[in-house]
Amino acid sequence: MKISIGIPFYNAEKYLAFAIQSVINQNYKNWELILIDDGSTDKSLEIANSFENSDSRIRVISDGLNKRLPARLNQLIDESKYEYIARMDADDIMHPERLERQVNYIDLNPELDLVATGIVSIDSENNIHGYRCVNSIVTNVDINTGFPIAHPTILARKIWYKRHYYTEDYPRSEDYDLWCRASAKNDLKIAILPDKLLFYRELGAITASKLVNSYRDGLGVRLKYGTRNKYLETSKIFFKCLFIQSVFIVGAESYLIKKRNNCSMKSDDILDYKEIINNIEFSIKSKINRN
């Protein structure tokens, strides 16, 4: 099976090479990588083009416009050539076994349309700060009680995506809206694996405005799909946004990361994850030296 991997990017020059190189370093080699520029003004497009020039499996798309993430994700669906579509963000890093494990699992379970995984939390300097994952494979997802789907870890069948494009109404919660819409149609056949197969960049890469906008868009989705108590939900989001803004004002972002993640990791696991990141950094430096 071949996989179409999509990375939309906007002003991601500091991290984009890590994301792309982590795809190149995958054990699973049958893929195409679609890099969609969303009107970057830094050197992101230059970095993307340099990888395209050195690997025929990589394709760069750029129209000079800033359409935002949901529009680019829909463009990715239409541009993809293969049966499966894999997501990741421009500042994330794939574990080298990610694609192999996900495609093997979905091939063995033809009733599924999507497979997600756990994540390892990293900061702007690639330091590890914990992880988030389920304890065992989850297949029954209840969107009303919270759910552990990490959007950038998704691998899905293209035919499923063709049934469920992203909405542009909630640009900071396009994934939550997607899960709600699919679930409402009884069409969210997903497995969430406990494997931690994506390095997700948080500390030093997230901002108060991004989080606040995510909470507000998320509230819009909940109201759209019938939350039981509109006023309670609205009040909760109001105070949560105030809290987030206060945390960033006093420079305590690390508290949020600790609260979101399990920070108890075995030293051997940390060493293994660091080795993966170091190998990617070495590959990038080798490419630069060759050029």
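Predicted model: local features only at pLDDT ≥ 70, side-chain atom pairs only at ≥ 80, totals over all residues.

Trainee: How are α6 and α7 oriented to each other: roughly parallel or roughly antiparallel?
Mentor: The axes of α6 (residues 174-184) and α7 (residues 208-224) cross at roughly 15° and come within 9 Å. Angles under 35 degrees count as roughly parallel. The two helices, α6 and α7, are therefore roughly parallel.

Trainee: Which handedness does the crossing of α6 and α7 have, left-handed or right-handed?
Mentor: Start from the crossing angle of roughly 15° between the axes of α6 and α7. The way α6 passes α7 makes the crossing right-handed.

Trainee: Is Phe239 buried or exposed?
Mentor: Phe239 sits in helix α8, which spans residues 230-249. Together with Phe238 and Leu242, Phe239 makes a nonpolar surface patch of about 330 Å². Exposed means over 50% relative accessible area. Phe239 has a value of 56%, so Phe239 is exposed.

Trainee: What is the phi of Arg68?
Mentor: Most residues other than glycine have a negative phi. Arg68 lies in the loop between β3 (58-62) and α3 (69-79), and is partly exposed at 46% relative accessibility. Although Arg68 is not a glycine, its phi is positive, about 80°.

Trainee: And where is Asn11, another residue with a positive phi?
Mentor: Asn11 is not a glycine, and its phi is near 50°. With a relative accessible area of 31%, Asn11 is partly exposed. Its place is the loop between β1 (3-9) and α1 (16-24).

Key. Residues numbered from 1 in each chain as written. Heavy atoms only, no water. Patch = residues over 30% accessible without salt bridge, like charges linked within 9 Å, V, L, I, M, F, W, Y side chains within 5 Å. Areas by Shrake-Rupley, 256 points an atom, 1.4 Å probe, with all protein chains shown as cover. Salt bridge = Lys/Arg side-chain N within 4 Å of Asp/Glu carboxyl O. Helix = DSSP H or I, 4+ residues; strand = E, 2+ residues; numbered from the N terminus. Buried < 20%, exposed > 50% of the residue type's maximum accessible area, 1.4 Å probe, protein only. Axes fitted to C-alpha atoms, helices over the stretch in contact; angles between N-to-C directions. Parallel < 35°, antiparallel > 145°, perpendicular 65-115°, else oblique. Left-handed = near helix turned anticlockwise from the far one by under 90°.
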